[in-house]
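Here's a quick briefing to read alongside the model. Have the sequence and the 3D view open as you go.

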Amino acid sequence: MRSNVGMSRYLQVLSAVCFSCGVVAAQAQTVDVAAAEALAKTSNCTKCHSVDKKKDGPSYKDTAAKYKGKADAEATLTKHITTGPKIKIDGVEEQHQIVKTKDPAAIKNLVVYILSR
Ligand code: HEC
């Protein structure tokens, strides 16, 4: 009897753990395309970037190809769009645009969107 109670408690804990695993895995896969594109627009990213054409900045497809298979891709791009590193456009140095939100989930969504083009 005693061991049965212990067992069902164990299963309860186990299913709680697995439930949150599933949620994390699902989040890693899903991109809210509409939200990503809206944020890119309001942040003026679209002035210099498009999905498949090079403008002043590289296309998202080129960026996705550049970072394909790199474990630090998400971290690198998150830093790029949140810290405003110095870049050169036609030889002129300027600060890269910073994304216009502080919401980490929205920033991550945009980064995953770019990397999955
Ligand atoms: C004024 C033009 C301009 C705007 C606006 C701009 N970018 Fe860029 N972006 C560039 C240029 C130029 C580069 C290439 C920099 C380099 O390779 O040195 C670049 C590079 C990038 C890269 C690739 C970084 C890498 O490590 O390869 C990403 C991703 C990116 N931009 C995303 C964004 C996002 C998201 C926004 C909006 C928040 C944005 N950019 C706004 C010009 C711009």
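This is a predicted model: local features need pLDDT of at least 70, side-chain atom pairs count only at pLDDT 80 or more; totals for chains, interfaces and linings use all residues.

Residue numbers start from 1 along each chain as its sequence is written.

**Two loop residues with positive phi**
- Asp90 sits in the loop between β1 and β2 (92-95); helices (H or I, at least four residues) and strands (E, at least two) are DSSP runs, numbered from the N terminus.
- Asp90 has a positive phi of about 50°, though it isn't a glycine.
- Asn44, not a glycine either, has a positive phi of about 65°, and you'll find Asn44 in the loop between α2 and α3.
- Asn44 counts as exposed because it has 12 C-beta neighbours inside 10 Å.
- As background, most residues other than glycine have a negative phi.

**Overall layout**
- The protein has 5 helices and 2 strands, and along the sequence they run α-α-α-α-β-β-α.
- Of its 117 residues, 12% count as buried.
- Take the contacts between residues at least 6 apart in sequence: 56% of them join residues at least 24 apart, where a contact means C-beta atoms, placed from the backbone, within 7 Å.

**Around the ligand**
- The shell around the ligand holds 23 residues, and the closest are Ser43, Cys45, Cys48, Gly57 and Gln97; a residue is near a molecule if its C-beta atom, placed from the backbone, lies within 6 Å of it.
- At least two shell residues each come from α3 (60-67), α4 (73-83), β1 (86-89) and α5 (104-115).
- α4 gives the largest share of the shell, with 4 residues.
- Sorted by class, the shell has 11 nonpolar, 9 polar and 3 charged residues; Ala, Val, Leu, Ile, Met, Phe, Trp, Tyr, Cys and Pro count as nonpolar, Asp, Glu, Lys and Arg as charged, and the others, Gly among them, as polar.

**The largest nonpolar core**
- This core has 12 residues, among them Cys45, Tyr60, Leu77 and Val99; a nonpolar core is a set of buried Ala, Val, Leu, Ile, Met, Phe, Trp, Tyr and Cys residues joined through C-beta atoms within 7 Å.
- α2 (33-42) and α5 are the elements that give two or more residues to this core, and the largest share, 5 residues, comes from α5.

**How α2 meets α5**
- The axes of α2 and α5 come within 9 Å and cross at roughly 100°; axes are lines fitted to C-alpha atoms, for helices over the stretch in contact, and angles run from 0 to 180 degrees between N-to-C directions.
- α2 and α5 are therefore roughly perpendicular to each other, the label for angles of 65 to 115 degrees.
- On the α2 side, the contact uses Val33, Ala35, Ala36, Leu39 and Ala40, while α5 brings Ala106, Asn109, Leu110 and Tyr113.
- By class, the residues of this contact are 8 nonpolar, 1 polar and no charged.
- Ala40 touches Cys45, Thr46 and Leu110, leaving out residues up to four places away in sequence.

**Glu74 on α4**
- Glu74 lies in helix α4 and is partly exposed, with 16 other C-beta atoms within 10 Å.
- Leaving out residues up to four places away in sequence, Glu74 touches Val111 and Leu115.
- Glu74 and Leu115 are 41 residues apart along the chain, yet 7.9 Å separates their C-alpha atoms.

Definitions and conventions:
A residue is buried if 20 or more other C-beta atoms lie within 10 Å of its own, exposed if 12 or fewer, and partly exposed in between; C-beta atoms are placed from the backbone. Two residues are in contact if their C-beta atoms, placed from the backbone, lie within 7 Å. Angles under 35 degrees count as roughly parallel, over 145 as roughly antiparallel, 65 to 115 as roughly perpendicular and the rest as oblique.
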